[in-house]
Amino acid sequence: MMAAISNQHESVTLKQLLSDVFVTSYLPDIEIYGLTLDSRKVEPGFAFVAMEGQFDHGLAYAEAAIERGAVVILCDADYDQYCQQILSRLMTKVMCVPVKNLHRKLGEIAKRFYADPARGMFVIGTTGTDGKTSVSHFIAQAMNSVTSPAAVVGTLGNGIVDAQKESTHTTPDIISIYEMLSEYKKQGVSAVAMEVSSHGLDQGRVSSIKFDVAVLTNLSRDHLDYHGTLEAYKQAKRKLFSEEYSKSAVLNIDDEFGAELYEEIQHGREVWLYGMNKELVMQSALYVYVDNVMQNENGISVMLHSSHGVAEVKLSLIGEFNIYNVLACFCVLMQSGMNFNHAVMRLQSLHTVRGRMELVKIKSKPSVVIDYAHTPEALSQALMSVRKHINGKLICVFGCGGDRDAGKRPLMAQVAEELSDLVIITNDNPRNEDPDRIIDDIKQGISNTINMMVEADRLKAIRHAISMASENDLVLIAGKGHEEYQLIGNKKIPFSDKKVALQCLGVEE
């Protein structure tokens with residue numbers, strides 16, 4: 001949902017707003033001072049956009065929007081008898097405009113209202129099952145400066161680097177995105193790194209935005225509760241790499257879907273390839289790969305080879321998959337026109353993203369890593385990565401979210417059992433599912449219960465894991481990362497994996 005728009009915004013007439021998407025000849029010259037999809041955010045002079053939602057139609061809230069001062073109701077022309085009855089009632093009170101395929105045209109409408117704020121900015125869209133948040137934040141960190149700030153739109157928040165406001169969706173609705181871009185332009189932002197989810201692509205939340213660069217991190221099983229099949233999930237992701245959505249691309253060529261995309265889009269567009277395989281990346285004239293990878297408790301060092309130069313790079317990050325995230329960032333920096341040596345310097349200054357392989361290290365205490373891994377592939381990568389940074393045992397604490405793809409639960413258990421010395425299964429965000437049933441689903445993937453424990457209370461599970469660990473051991477707490485709450489039933493209960501871990505280590509944050 002979008003924040004309220006001040007009436008200080010320069011008005012646009014209804015005819016101007018709908019030109020090219022509607023026959024405007026009969027429309028009155030009503031002044032529009034704001035757009036919103038949320039009736040609670042309506043102010044006098046606003047146009048309220050009534051769209052069909054997952055559970056109900058926006059027209060059900062149109063009366064409330066009118067009471068708050070809406071002067072126009074925009075709705076989709078494809079409506080049922082229920083909506084027709086509402087419209088008949090509303091038309092006696094305010095101007096109602098049914099627009100055919102409104103969900104597809106809303107991006108152009110918002111773009112026109114906010115005077116195309118992305119023009120002049122370098123806008124990057126990152127998609128993939130895992131790594132979107134880290135890549136977006138790394139790009140924004142690397143492109144940020146005092147005179148030319150960079151902003152992020154995504155899971156951890158929206159705004160200029162290290163000053164984000166809390167977000168409710170990975171990819172906000174299209175009106176909110178344009179409102180943000182308009183605000184960023186006023187703040188002098190020159191680059192915006194945006195996480196683009198499969199839901200956002202499927203629902204048209206980034207329609208009409210032409211990204212300067214589209215980035216693919218990887219693709220594995222996720223969100224099948226929404227998309228139904230892996231192929232439908234791929235199709236949603238594929239949209240970002242069409243010429244309609246982006247000007248150039250950055251692809252993980254080590255990923256099967258990345259290789260598919262390269263075959264489809266390599267001709268006629270600039271495509272950067274990144275990965276660990278020299279032969280694969282050098283299919284393109286624009287490439288980067290690394291070798292001589294060294295990992296220790298302080299970070300990672302690599303030799304970076306690219307179409308623009310070679311350099312040794314030392315990263316203050318942990319986890320091999322962070323190498324992929326950094327390479328994606330490097331490609332974007334080069335595509336933006338940054339000097340090679342300058343780009344390498346920026347890579348070496350990157351810092352860990354909150355809740356993404358976030359290391360908590362206290363002298364004479366076990367190491368703890370907080371990570372958002374909530375898919376089998378992400379958990380596998382996290383466990384394999386942290387193993388390379390320790391000499392002792394590896395303890396994994398994780399659960400699975402409720403009201404989400406249940407098929408991945410035993411798969412995550414298999415990964416945890418194979419790659420950990422001890423697995424502690426606990427609650428994640430059970431939402432409206434029975435927590436015990438979720439845990440039972442997870443346990444189906446465990447073949448040997450000797451090295452498995454169940455502690456449904458997440459606080460107790462973390463406390464127990466850390467109490468069992470020695471100085472040379474590492475505890476990976478996976479699934480919730482940056483989140484500072486648990487969703488249990490209809491309640492949002494304050495809870496932070498990091499705060500709990502610090503308390504168990506005898507440190508107050």
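Before I start, a note to myself: helices (H or I, at least four residues) and strands (E, at least two) are DSSP runs, numbered from the N terminus. I also keep in mind that this is a predicted model.

**Entry: two loop residues**

With that numbering in hand, I looked up methionine 357 and found it in the loop between α13 (340-348) and β17 (358-360). Its phi is near 50°, a positive value in a residue other than glycine. Is methionine 357 buried or exposed? Its relative accessibility is 1%, so methionine 357 counts as buried.

I then moved along to serine 364, which sits in the loop between β17 and β18 (367-371). Serine 364 is not a glycine either, yet it has a positive phi of about 65°.

**Entry: valine 313**

I found valine 313 in strand β16 (residues 309-315). Buried means under 20% relative accessible area, and valine 313 has 1% relative accessibility, so it counts as buried. Which residues does valine 313 contact, leaving aside its neighbours within four places in sequence? I listed Ile300, Ser301, Val302, Leu304, Val344, Leu347 and Gln348.

**Entry: glutamine 141**

My next stop was helix α5 (residues 132-143), where I found glutamine 141. Glutamine 141 has a relative accessible area of 14%, so it is buried. Not counting residues up to four places away in sequence, glutamine 141 touches Val161, Arg346, Leu350, His351 and Val353.

**Entry: the nonpolar cores**

I reminded myself that in soluble globular proteins, nonpolar side chains tend to be buried together. Here the largest nonpolar core has 61 residues. Which of them touch the most other members? I noted Tyr184, Val206, Phe241 and Leu251. Helix α6 (residues 174-186) gives this core its largest share, seven residues. Apart from this core lies another, of 47 residues, and I spotted Ala140, Trp272, Met334 and Leu350 among them.

I went back for a look at valine 206. Not counting residues up to four places away in sequence, valine 206 touches Thr171, Ile174, Ile177, Met194, Val196, Gly200, Leu201, Phe211 and Tyr245.

**Entry: helix pairs**

Two packed helices are described by the angle between their axes and the distance between the axes. I looked up both for two pairs.

I took α14 (residues 376-387) and α15 as my opening pair: their axes come within 9 Å and cross at roughly 10°. Angles under 35 degrees count as roughly parallel, so α14 and α15 are roughly parallel to each other. Their crossing is right-handed. On the α14 side I found Pro376, Leu379, Ser380, Leu383, Met384 and Arg387, and on the α15 side Lys408, Leu411, Met412, Val415, Ala416 and Leu419. Sorted by class, this contact has nine nonpolar, one polar and two charged residues.

Then I turned to α15 (residues 408-419) with α16 (residues 435-443), whose axes come within 6 Å and cross at roughly 55°. Arg409, Pro410 and Ala413 in α15 meet Ile438, Asp441 and Ile442 in α16. I sorted the residues of this contact into four nonpolar, no polar and two charged.

How values were computed. Residues numbered from 1 in each chain as written. Predicted model: local features only at pLDDT ≥ 70, side-chain atom pairs only at ≥ 80, totals over all residues. Heavy atoms only, no water. Axes fitted to C-alpha atoms, helices over the stretch in contact; angles between N-to-C directions. Contact = heavy atoms within 4.5 Å. Nonpolar A, V, L, I, M, F, W, Y, C, P; charged D, E, K, R; others polar. Buried < 20%, exposed > 50% of the residue type's maximum accessible area, 1.4 Å probe, protein only. Core = buried A, V, L, I, M, F, W, Y, C linked by side-chain atoms within 4.5 Å. Parallel < 35°, antiparallel > 145°, perpendicular 65-115°, else oblique. Left-handed = near helix turned anticlockwise from the far one by under 90°.
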